[in-house]
Amino acid sequence: QTQYQQLRAKNHNILVSVPRSHRTCHQQSNQPSSFRSGEVTKLDFDQSQTHQVGVRKQVERILEVMDGRTEDQPLLGIDDINEETKQKLSKDTVDRGGGGGDREMAPATGNAIHRSSSRPQLDLSKAAIQGNFEEKDPTILLPNQSDDISHLALDIGGSLIKLVYFSRHEDQSANDGRKKSVKARLVVSNGNRRSYPILGGRLHFVKFETAKINECLDFISSKQLQHGGMDSHRWHSEAPNNENAVIKATGGGAYKFADLFKERLGVSIEKEDEMNCLVAGANFLLKAIRHEAFTHMEGHKEFVQIDPNDLFPYLLVNIGSGVSMIKVDGDGKFQRVSGTNVGGGTYWGLGKLLTKCKSFDELLELSQRGDNRTIDMLVGDIYGGMDYSKIGLSASTIASSFGKAISENKELEDYRPEDISLSLLRMISYNIGQIAYLNALRFGLKRIFFGGFFIRGHAYTMDTISFAVHFWSKGEAQAMFLRHEGFLGALGAFMSYEKHGLDDLMVHQLVERFPMGAPYIGGKIHGPPLGDLNEKISWMEKFVQKGTEITAPVPMAPPGTTGLGGFEVPSSKGDTLRSDASNLNVGVLHLVPTLDVFPSLADPKTYEPNTIDLADRSELEYWFTVLSEHLPDLVDKAVASEGGTDDAKRRGDAFARAFSAHLARLMEDPAAYGKLGLANLLELREECLREFNFFDAYRSIKQRENEASLAVLPDLLMELDHMSEETRLLTLIEGVLAANIFDWGSRACVDLYHKGTIIEIYRMSRKKMQRPWRVDDFDVFKERMLGSGDKKPHPHKRALLFVDNSGADVVLGMLPLARELLRRGTEVVLVANSLPALNDVTAMELPDIVAEAAKHCDILRRAAEAGGLLVDAMINIQDGSRENSSSVPLMVVENGCGSPCIDLRQVSSELAVAAKDADLIILEGMGRALHTNFNAQFKCDALKLAMVKNQRLAEKLIKGNIYDCVCRYEPAS
């Protein structure tokens with residue numbers, strides 16, 4: 001209290017720090033060295049005039065509890081703070097150890113807050129002022145506060161258990177001097193006004209058969225999900241289980257199996273309303289995932305981009321045992337407007353009686369081999385094979401489902417089970433589609449989304465529903481389906497927690513990734529989870545045959561008739577499509593709060609990063625072949641980067657099997673993982689490498705090429721300095737294009753490496769730089785840079801240079817160009833990958849490259865000092881070297897990406913901040929300027945530079961040849 005009185009007299013801010021776990025995190029040998037204990041979260045109570053009284057009142061209450069002078073309210077709820085003050089709260093993550101790290105969420109223990117508490121609270125027991133209370137912003141430490149984020153929710157249905165769980169995974173990048181300097185220079189601030197943070201982490205989607213509920217319980221127990229996740233393995237020896245733990249669940253099984261969960265896991269189930277969960281899950285998916293919705297006609301899946309601002313109203317048709325039709329008007333605003341008792345249960349029940357099938361999936365499998373014309377009465381059967389054209393009915397229209405059974409002298413065993421199953425499927429699907437459309441018509445709704453266990457990702461079921469909606473609406477309405485439709489209820493239950501951390505997520509903060517099991521299990525779990533890398537490798541060796549050859553799938557079946565108005569039979573019918581196709585569409589949702597939309601895009605809504613359309617089957621087959629042919633070389637490099645050990649060889653073999661399986665699955669169904677672009681394929685490859693602990697396969701190659709290029713840089717800079725302004729600018733652009741030849745992702749370039757040294761290849765490339773290039777806007781760019789006649793244009797304020805490869809590409813190409821811009825008074829931000837990909841340079845590697853280059857160039861040295869790049873660099877600086885402190889800065893930011901391409905809808909927050917003042921963007925390299933962003937439009941000037949190192953791409957994109965060059969300049973749009 002004395003300390004507080006002194007603080008009040010000085011009118012200081014009060015900071016309340018809340019650790020995420022009051023347990024000590026024991027450092028284990030298998031943990032990353034960056035893992036820290038004692039993480040705290042800071043609640044900054046704004047001490048402005050407006051809120052001064054209210055804030056001080058809260059602090060007084062906190063300190064009263066600290067001193068033990070009041071016992072009636074040991075917990076201070078966020079709701080106790082007045083609404084104005086609550087809006088001012090911000091919660092930032094701080095690490096007392098000074099580093100980042102992969103920190104899993106701590107399980108609740110002791111007297112910690114009840115997991116499903118209706119409001120977040122502060123546990124003030126043993127609170128104390130930390131450090132010297134005389135300092136300007138003293139911190140109050142709450143050692144017993146634990147996080148209130150929930151990890152697990154279930155939808156327990158009659159046939160399947162759907163489980164959604166959250167695993168914590170924060171940004172691991174170091175809080176180094178470069179980042180601090182860049183943030184200070186760019187004035188990066190925390191604009192997040194939430195009273196708790198959006199957590200970095202992953203949402204996992206898992207299915208179990210309800211009949212095998214013990215497998216589900218084993219899975220939850222082995223991952224300690226009921227206590228907060230896998231980090232319980234690290235702490236369980238010290239952390240007693242919370243006897244009051246509660247998990248949310250919906251579905252009938254939430255009641256049926258409540259006692260079993262309590263007995264096996266020691267947790268209580270809190271039941272959530274099924275319809276509330278269904279709508280909440282659908283709303284989240286449609287607003288947060290870019291290509292969640294799709295149409296399915298004639299076996300063709302097409303993804304639909306839904307504008308989150310134009311989502312409502314829509315009709316949600318949930319086909320379970322029966323059918324509910326829900327009109328959704330907004331978050332939490334919905335009404336069940338209709339339904340039918342003829343649904344999935346009807347299909348399964350009648351099918352079981354008529355065909356003796358023992359499972360729902362078996363019944364669906366039968367339908368794929370059926371012919372409903374043997375049992376359904378068609379219009380043509382009534383009119384002697386003729387149409388009833390007067391009322392618009394074709395001969396193939398179904399007049400009566402099962403109608404032929406009336407007139408034919410046959411017993412049940414005389415009909416094929418396959419035909420019965422198909423007739424039954426069509427009867428129910430067509431009726432549901434028709435009723436859904438009539439309800440949409442009734443309320444004037446254009447969007448109809450279908451979900452529920454009846455669909456189960458079954459392509460033919462989706463086709464029949466789509467045909468019905470299309471037929472009855474005369475093409476005005478579309479049936480749409482959701483990739484995660486089986487998880488709507490579980491996701492809604494997850495979001496029923498007070499602090500689920502998902503409500504403010506934007507579409508650009510979610511990245512879906514597909515782990516190694518995606519081509520085989522698609523979210524279905526059988527047996528215990530794989531615990532470590534060794535178990536993953538063993539699984540790959542046991543279940544997957546090694547092979548890199550990708551074969552084209554069997555051609556689709558020839559068209560026929562559906563019996564519904566003369567439409568063709570859905571081409572997905574038959575053995576060419578598996579009944580569980582959509583089960584494989586579900587990956588892991590990575591929640592990355594630090595991602596933003598690139599603000600310099602002219603129109604983010606219409607922006608499409610991918611230049612190559614993989615919906616074109618020939619393109620798909622070509623690029624899959626390129627990737628599979630490149631695989632052996634990539635494996636060799638990856639194994640060599642880890643010292644060529646037996647362990648590295650085993651991991652390399654597992655990686656090859658896993659990535660080959662991804663390619664084979666995507667060749668079979670290109671839409672299996674959502675909308676597919678070349679950028680997605682290349683990122684999938686890099687993610688697969690990381691999954692088997694290959695984090696930088698080209699590390700040694702990059703180091704060698706950087707050293708060789710830096711050795712000749714001084715001579716190049718000296719040569720440039722003796723040129724006239726105009727000659728120098730042309731030489732610089734030629735240098736960027738010539739140096740871009742060094743690309744280990746290109747087969748043609750890899751072959752070149754065997755014909756000479758890096759410097760020899762670079763000089764050969766420079767000699768071949770003859771204008772005009774295939775795309776040549778240099779003269780327009782030159783006029784913007786140098787002007788014409790006596791008119792000298794203003795220099796650009798800030799340029800963002802998206803760099804590509806290590807070695808000559810960045811050292812002899814982009815750094816000299818950056819130097820020229822700095823010489824003209826333009827701030828330069830070098831934008832590089834956050835994570836390694838092939839031989840691309842990373843943001844972590846660039847400061848050392850710049851520091852080495854700065855030893856030989858005053859312009860680079862002064863700019864690097866101004867941009868904070870030389871804070872930690874071990875270079876010799878003379879005492880008088882800091883005299884020009886007014887130099888424009890050279891900075892480095894990471895792009896938030898770990899791929900050779902870049903999707904500008906998802907970039908790092910520091911790049912987004914840097915872009916706000918940028919008036920020149922330079923995209924360099926095939927991945928960033930050709931494969932992606934070739935057609936991207938920007939608000940500011942943009943220059944796209946690349947050498948085309950693929951013959952097919954050259955022909956397709958610029959009607960040229962391999963090694964042709966692109967210099968595309970586009971003034972601000």
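**Close-up 1. Cysteines and disulfides in the predicted model.** With a disulfide taken as a pair of cysteine sulfur atoms within 2.5 Å, the count here is 0 disulfides. Residues are numbered from 1 along each chain as its sequence is written, and side-chain values use heavy atoms, leaving out hydrogens and water.

**Close-up 2. Helices α18 and α19.** Here we have α18 (residues 617-641) and α19 (residues 646-668), whose axes come within 9 Å and cross at roughly 175°. Axes are lines fitted to C-alpha atoms, for helices over the stretch in contact, with angles from 0 to 180 degrees between N-to-C directions; helices are DSSP runs (H or I, at least four residues), as are strands (E, at least two), numbered from the N terminus. So α18 is roughly antiparallel to α19 (the cut-offs: under 35 degrees roughly parallel, over 145 roughly antiparallel, 65 to 115 roughly perpendicular, the rest oblique). The contact residues divide into 14 nonpolar, 3 polar and 3 charged, where Ala, Val, Leu, Ile, Met, Phe, Trp, Tyr, Cys and Pro are nonpolar, Asp, Glu, Lys and Arg charged, and the others, Gly among them, polar.

Close-up 3. Thr611 sits in the loop between β24 (595-596) and α18. Its relative accessibility is 18%, so Thr611 counts as buried. Leaving aside residues up to four places away in sequence, Thr611 touches Leu930, His931, Thr932, Asn933, Phe934, Asn935 and Leu957.

**Close-up 4. Helices α10 and α11.** The axes of α10 (residues 344-355) and α11 (residues 360-367) lie 10 Å apart at about 75°, which means α10 is roughly perpendicular to α11. Gly344, Tyr347, Trp348, Gly351 and Thr355 of α10 meet Phe360, Leu363, Leu364, Leu366 and Ser367 of α11. That contact splits into 6 nonpolar, 4 polar and no charged residues.

**Close-up 5. Confidence.** Mean pLDDT (the predictor's confidence in each residue, from 0 to 100) is 76, with 69% of residues at 70 or more. Residues 17-55 fall below 50, yet have 124 contacts in the model beyond near neighbours in sequence.

Terms used: This is a predicted model: local features need pLDDT of at least 70, side-chain atom pairs count only at pLDDT 80 or more; totals for chains, interfaces and linings use all residues. Contact means heavy atoms within 4.5 Å. Buried means under 20% relative accessible area, exposed over 50%, partly exposed in between (1.4 Å probe, protein chains only).
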